[in-house]
Amino acid sequence: MDCIGFICEPEHPVFGAVAERLSARGFDIQFLRPGNPVAKADIDDLAALVNTTLRPESFSALWYADRTGIETWNGFLPTTALACRLVALHGLEQVGCQVPTVWFEKPNCDYIARTRYSWDGVPADSDEGDFYQACVREEPVEYKYFAVNDGRETHLRAIQVRSEVSGLDCVINEETVEVTLAARVRELLDRFGARALCVEFVESESEVYAQAVDPVPGFTGTGMERRVADSIASLTTIGA
């Protein structure tokens with residue numbers, strides 16, 4: 001029986017359900033606690049490794065799995081590359097997306113202070129960052145495009161979310177996928193060899209900007225559990 005390891009809390013609202021779907025298909029599921037070191041022996045016994053967090057322990061596990069031929073979702077390279085915010089912005093620009101202007105010194109206009117890497121979260125001081133990104137969003141609303149490849153094709157879902165004071169996002173509704181944006185998201189996924197990602201778009205004066213990439217999307221509110229399960233299963237001998 002193929003065993004799939006999930007670096008994930010068993011109670012995750014989406015990946016917990018995905019794991020249940022895979023278990024019903026005949027897979028053995030092993031949950032690996034985020035933040036805990038993953039033993040090489042545990043990885044050696046897996047048919048595939050799924051990571052859902054940006055943590056040093058996850059990067060080490062993905063690096064070892066990729067090096068030893070264990071299938072990964074996503075792998076070390078796409079996860080770490082797209083978690084570098086400037087690399088992600090450059091990638092978005094290369095596939096045709098309009099991205100906000102970036103400065104390394106504070107500009108004389110509205111900006112968002114950013115850390116260089118997604119795993120660092122937001123700057124401790126909201127006015128001081130590693131770089132500064134033009135604030136192009138007019139309303140506290142974002143459009144998130146989720147992409148997942150099932151081994152044969154890439155599926156997309158777009159949702160509209162509103163940023164709350166708590167820092168959490170509130171899903172407003174599902175959006176119609178815009179063909180041009182969808183094509184660019186697919187190309188970004190293909191260029192980085194990723195299995196899944198999320199691109200965050202915002203509007204400003206009728207212009208659409210791509211302002212961030214999430215290489216470990218949680219898929220909350222997308223209803224894509226079956227697509228994600230298909231994608232993970234396709235990594236294994238059972239799902240091939």
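Predicted model: local features only at pLDDT ≥ 70, side-chain atom pairs only at ≥ 80, totals over all residues.
Student: What is the handedness of the crossing of α1 and α7?

Tutor: The crossing of α1 and α7 is right-handed. On the α1 side, the contact is made by Phe15, Ala17, Val18, Arg21 and Leu22. Helix α7 brings Glu225, Arg226, Val228, Ala229, Ile232 and Ala233. Sorted by class, this contact of α1 with α7 has eight nonpolar, no polar and three charged residues.

Student: Let me try another pair. At what angle do α5 and α6 pack?

Tutor: Helix α5 (residues 85–94) and helix α6 (residues 179–192) meet at an angle of about 120°, with 9 Å between their axes. That makes α5 oblique to α6, because the roughly perpendicular range runs from 65 to 115 degrees and roughly antiparallel needs over 145. α5 passes α6 in a right-handed crossing. Val87, Gly91, Leu92 and Gln94 of α5 make the contact with Leu188, Arg191 and Phe192 of α6. The classes here are four nonpolar, two polar and one charged.

Student: Next, rings. How many aromatic pairs are found in the whole structure?

Tutor: A search of the whole structure finds nine aromatic pairs. Take phenylalanine 6 and phenylalanine 31: their ring centres are 5.9 Å apart and their planes are at 45°, so the pair is tilted. This pair links distant parts of the chain, with phenylalanine 6 in strand β1 (residues 3–7) and phenylalanine 31 in strand β2 (residues 28–32), 25 residues apart.

Student: What about the backbone: which peptide bond is cis, with omega near -25°?

Tutor: Look at the bond from tryptophan 73 to asparagine 74, which is cis. Asparagine 74 sits in the loop between β4 (71–73) and α4 (76–82). Another backbone angle to look up is phi of phenylalanine 219, near 65°, a positive value in a residue other than glycine. Phenylalanine 219 lies in the loop between β12 (207–214) and α7.

Student: Finally, which domains is the protein divided into?

Tutor: Domain 1 covers 3–81 + 225–237, domain 2 covers 83–100 + 137–220, and domain 3 covers 101–135. The C-alpha centres of domain 1 and domain 3 lie 32 Å apart.

Note on methods:
Residues numbered from 1 in each chain as written. Heavy atoms only, no water. Domains from an automatic or database assignment. Left-handed = near helix turned anticlockwise from the far one by under 90°. Helix = DSSP H or I, 4+ residues; strand = E, 2+ residues; numbered from the N terminus. Contact = heavy atoms within 4.5 Å. Nonpolar A, V, L, I, M, F, W, Y, C, P; charged D, E, K, R; others polar. Phe/Tyr/Trp six-rings, centres within 6.5 Å; stacked < 30°, edge-to-face > 60°. Axes fitted to C-alpha atoms, helices over the stretch in contact; angles between N-to-C directions. Parallel < 35°, antiparallel > 145°, perpendicular 65-115°, else oblique.
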